[in-house]
Amino acid sequence: MNPLAAIGRAFLAFLAGTGRLGLFVAATVSHCVRPPWYPRLLLQHVIEIGYYSLPVVGLTTLFSGMVVALQSYTSFARFSAEGAVATVVVLSITRELGPVLAGLMVAGRIGASMAAEIGTMRVTEQIDALTTLSTHPVKYLVVPRVLAGVISLPFLVLVGDVIGVFGGYIVGVYKLGFEPVVYLQRTFDYLEPYDVISGLVKAAVFGFLVAVMGCYHGYHSRRGARGVGAATTNAVVSASILILVANYGVTELFFAR
C-alpha cells in the first residue's frame with residue numbers, strides 16, 4: 001500500500017496547493033476593485049515591468065522576426081511562394097511570437113524578482129508588520145504588481161510587434177532581395193486589427209499570470225533563504241507553463257471556427 005499512499009499524499013498536496021492558489025487569486029481580484037488604491041506604487045511597478053523590460057523584449061522579438069523571415073524564405077522557395085514571407089512574419093509575430101516571447105521574458109525577469117522580494121519580506125516578518133499597521137498585505141504588495149502586469153504587457157507586446165516586423169523587413173529587404181515597397185505592401189495587405197487585438201489580449205492574460213504567480217510563491221515562501229530560492233524558481237516555472245497553456249486557450253477562443 002505504500003505506493004498508493006505516496007500517490008494519495010501527492011494528489012492531496014496538489015489539491016491543497018490549487019485551493020490556496022484559487023483563494024489567493026480570488027482575494028487579489030477582490031482587492032483590485034476595492035479602495036484604497038496606491039497609484040504611486042502602481043506607477044512604480046509599471047515602470048519596472050514595462051519600461052525596464054523593453055530592451056530584452058525588443059532584442060528577443062527583433063531576432064525572432066529575422067529568423068522567421070529567413071526560415072520562411074528557405075521553406076517557401078521549394079514551392080515558389082517566396083512572396084508570402086512578409087505575411088508569415090507579420091502574422092507570426094502579432095498572433096503568437098510577440099505575446100509568448102514577451103510573456104516568457106517578463107516571467108524570467110519580473111516573476112523571479114517579485115517572488116524574491118515578497119519572499120524576503122515574508123521570511124523577515126515584514127508582511128506581518130504590515131498587518132500590525134492595519135495595511136492589508138495583498139492590497140499593498142500584490143494588487144499594484146498585478147495591475148501593473150496587466151497594463152504593461154500589452155504595451156510591451158505592441159512595441160515588440162513593431163520591432164519584430166522590422167527585423168523581418170531588414171532580412172527580407174537587405175538579405176533576401178525583396179523590394180521595400182512590395183514587402184511593406186504585403187505586410188499591410190494581410191494584417192487585420194483582429195490579429196493585433198488577439199495578441200494584446202494574450203499579453204494582458206500573460207501579465208496577470210506572471211504577476212500572480214510571482215506574488216503567490218513569494219507570499220507563501222517558507223524556511224529562510226532556501227525557501228525564497230525555491231519560491232523564485234517555482235514562480236518562473238509555473239508562470240512559463242501557465243503562459244503556454246493560456247496561449248492555447250486564448251488562441252482557441254479567438255481563432256477556432
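Let's start with helix H3, residues 54-76: at 1.5 Å a residue its 23 residues should span 33 Å, and the end C-alpha atoms are 32 Å apart, which agrees. That expected span is 1.5 Å times one less than the number of residues, and helices here are DSSP runs of H or I with at least four residues, numbered from the N terminus.

A quick word on the source: this is a predicted model, where local features need pLDDT of at least 70, side-chain atom pairs count only at pLDDT 80 or more, and totals for chains, interfaces and linings use all residues. Residues are numbered from 1 along each chain as its sequence is written, and side-chain values use heavy atoms, leaving out hydrogens and water.

The largest one has 36 residues, and Phe-24, Ile-49, Val-106 and Val-142 have the most contacts inside it. Helix H8 (193-219) is one of the elements giving two or more residues to this core, and H8 gives the most, with 10 residues. Apart from that core lies another, of 14 residues, among them Val-68 and Tyr-183.

Finally, H8 and H9 pack at about 155°, with axes 8 Å apart. They are therefore roughly antiparallel, a label for angles over 145 degrees.

Terms used:
A nonpolar core is a set of buried Ala, Val, Leu, Ile, Met, Phe, Trp, Tyr and Cys residues joined through side-chain atoms within 4.5 Å. Buried means under 20% relative accessible area, exposed over 50%, partly exposed in between (1.4 Å probe, protein chains only). Axes are lines fitted to C-alpha atoms, for helices over the stretch in contact, and angles run from 0 to 180 degrees between N-to-C directions. Angles under 35 degrees count as roughly parallel, over 145 as roughly antiparallel, 65 to 115 as roughly perpendicular and the rest as oblique.
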